[in-house]
Amino acid sequence: MNFKPLHDRVLVKRLESEEKTAGGIIIPDTAKEKPMRGEIIAAGSGARGEDGTLHPLDVQAGDQILFGKWSGTEVKIDGVDYLIMKESDILGVITDAATIQAAAE
């Protein structure tokens, strides 16, 4: 893929949610909500301040993040669905994905 986000934008791939509940019930595709968890694939160089200085992003490629339900713009690159969003749309970085996943279930 030859895509690099500009400024304070990031390219995110959604991480799929579980297809079964904790009780073993299979959730059909029509009842699933879009996951609000993703992995950063690429990140821009950062935002420019009013004085022209570059402020680097707090996130980088490979970070797992949480973002708002309606955040970002959906795009398809090389047949794969991604989101492009500003760093300010990111709610937080997941440092221990297993702990977060267990808490969500």
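The largest nonpolar core of this predicted model contains 11 residues. Its members are Val10, Val12, Ile40, Ala43, Leu57, Val59, Ile65, Phe67, Leu83, Met85 and Ile90. Four strands each supply at least two residues of this core: β1 (9-14), β2 (37-43), β5 (64-67) and β7 (80-86). Val12 is one of the core residues. Leaving aside residues up to four places away in sequence, Val12 touches Gly38, Glu39, Ile40, Ile65, Phe67, Tyr82, Leu83 and Met85. Of these contacts, Ile40, Ile65, Phe67, Leu83 and Met85 also belong to the core.

The strands are arranged in an open sheet. Six strands take part, in the order β6-β7-β1-β2-β5-β8. Their pairing is antiparallel. The edges are formed by β6 and β8 (90-94), each of which pairs on one side only. From one strand to the next, the twist averages 45°. Ile90, a core member, lies within the range of edge strand β8.

Strand β6 (residues 73-77) pairs with β7 in the antiparallel sense, over five bridges. Within this pair, Glu74 stands opposite Leu83 of β7. Leu83 is also a core residue and a contact of Val12.

Arg37 has Leu66 in β5 as its bridge partner.

Notes:
Residues numbered from 1 in each chain as written. Predicted model: local features only at pLDDT ≥ 70, side-chain atom pairs only at ≥ 80, totals over all residues. Heavy atoms only, no water. Core = buried A, V, L, I, M, F, W, Y, C linked by side-chain atoms within 4.5 Å. Buried < 20%, exposed > 50% of the residue type's maximum accessible area, 1.4 Å probe, protein only. Contact = heavy atoms within 4.5 Å. Pairing = 2+ DSSP bridges. Axes fitted to C-alpha atoms, helices over the stretch in contact; angles between N-to-C directions.
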